[in-house]
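Dear colleague,

Please find below the structure that I am handing over to you.

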Amino acid sequence: MEKEIIITAAISGSRPMKTMNPAVPYSPKEITDSAVACFKAGAAIAHIHVRDPISGVPEFKIEYFKEILEGIREKCDMIVNLTTSGSFLEGPGVGQQRLQPVFLKPDMCSLDLGSMNFFDRAFINPPDWAEKAAKCMMENDVKPEVEVFDVGHIYQAHDLIQKGLIKPPPYFQICLGVKWGIQASAENFLFMKSKLPPGAEWSVLGVGKDQLPMITLAMLLGGHVRVGFEDNIYLKQGVLASSNAQMVERAADLAERLGRRVVTPGEARRILGIKTPT
Ligand code: ZN
């Protein structure tokens, strides 16, 4: 039987701007519409960040997250994954602020482990925050998407699993090619994959020009994949992608050609152990 593959669409992230690619969605409505279009193209998961609807600057307003979560749920059964990264936030209450999306009870939230230099800023995830975040997700029945940008982050995930703070199966997003995380290469990919705990479900993202090669490798090696504007705004060198759905469509087509079966959100819920929303 063909092995199943889950496609995640990372709709906007917090970095790409309309000045870089006019198709990058900003407003809750644009983000919702883009997610639903990705669902129609084959994505089972939508990974969501929010922006100011006019300027596009990264925001963390809970009402925007709520509007998008409800908007997507009205239209389809896609798995909604809200970010808790908020790497641009500052101040003493940031740790708690970053957990606010969890209380909306989406299907999934990203869980970042390890502190690192991330492009032009320090992305701070203290160990006690990671434990608190994992616990908060467990209490709210939200599946953590464990984002790992370097190998040490995987070791920390082992620790959280041993402490019973992540329910099986653990779900990893292997993030390759983020400045200054681990670089995108086949060797690094295989090394990261070899460190995952047994029984883990895993997905891969590659940044920029590394998106297509890294997801292709993941398809060949039995993993899940992530595409979308958060990671890459180009379809190929010098050609901007016209939408997130266009990148999902290409990933779905490639996966099928490589003998993988693209799954529905319902099947992805079964694979990852996520309940259907009531
Ligand atoms: Zn993200």
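**Aromatic rings**

Phe118 counts as buried because its relative accessibility is 14%, where buried means under 20% relative accessible area, exposed over 50% and partly exposed in between, with a 1.4 Å probe and protein chains only. Please note that this is a predicted model, in which local features need pLDDT of at least 70 and side-chain atom pairs count only at pLDDT 80 or more, while totals for chains, interfaces and linings use all residues. Residues are numbered from 1 along each chain as its sequence is written, and side-chain values use heavy atoms, with hydrogens and water left out.

A search of the whole structure gives 6 aromatic pairs. Rings of Phe, Tyr and Trp (its six-membered ring) pair if their centres lie within 6.5 Å; planes under 30 degrees apart count as stacked, over 60 as edge-to-face and the rest as tilted. In one of these pairs, Phe118 and Phe123 are edge-to-face, at 5.5 Å centre to centre and 75° between the planes. Phe123 is buried, as is Phe118. Phe118 also pairs with Phe149: the ring centres are 5.5 Å apart and the planes stand at 80°, so this pair is edge-to-face. Since Phe118 belongs to strand E8 (residues 116-118) and Phe149 to the loop between E10 and H5, the pair ties together parts that are 31 residues apart in sequence. Helices (H or I, at least four residues) and strands (E, at least two) are DSSP runs, numbered from the N terminus. Phe149 has 5% relative accessibility and therefore counts as buried. Ring pairs join Phe118, Phe119, Phe123 and Phe149 into a cluster.

**Salt bridges**

There are 18 salt bridges in the structure, each defined as a side-chain nitrogen of Lys or Arg within 4 Å of a carboxyl oxygen of Asp or Glu. One of them joins Glu131 and Lys163, at 2.6 Å from N to O. This pair links distant parts of the chain, 32 residues apart: Glu131 is in helix H4 (residues 127-139), and Lys163 is in the loop between helix H5 (151-162) and strand E11 (171-176). Glu131 is partly exposed, with 29% relative accessibility, and Lys163 is partly exposed at 45%.

Asp141 and Lys275 form another salt bridge, with their closest N and O atoms 2.6 Å apart. Asp141 lies in the loop between H4 and strand E10 (143-148) and Lys275 in the segment after helix H9 (265-272), so the bridge ties together parts that are 134 residues apart in sequence. Asp141 is partly exposed at 41% relative accessibility, whereas Lys275 is exposed at 60%.

Lys163 also meets Asp159 in a salt bridge, at 3.0 Å from N to O. Asp159 counts as partly exposed, at 29% relative accessibility. Salt bridges that share partners join Glu4, Arg261, Glu267 and Arg270 into one network.

**Pockets and cavity**

On a 1 Å grid over the protein atoms alone, a cavity is a set of points where a 1.4 Å probe fits but cannot get out, and a pocket is an open set with protein on both sides within 12 Å along at least five of seven lines; lining residues have an atom within 4 Å of a point. Grid points are joined across faces, edges and corners, and a volume is the space filled by probe spheres set on the points.

The largest pocket has a volume of about 770 Å³. It is lined by 44 residues, and those closest to its centre are Arg15, Phe119, Val178, Val207 and Glu230.

The second largest pocket holds about 460 Å³. Of its 24 lining residues, Asp107, Asp141, Val142, Lys143 and Lys275 lie nearest the centre. H4 gives the most to this lining, with 3 residues.

With kind regards
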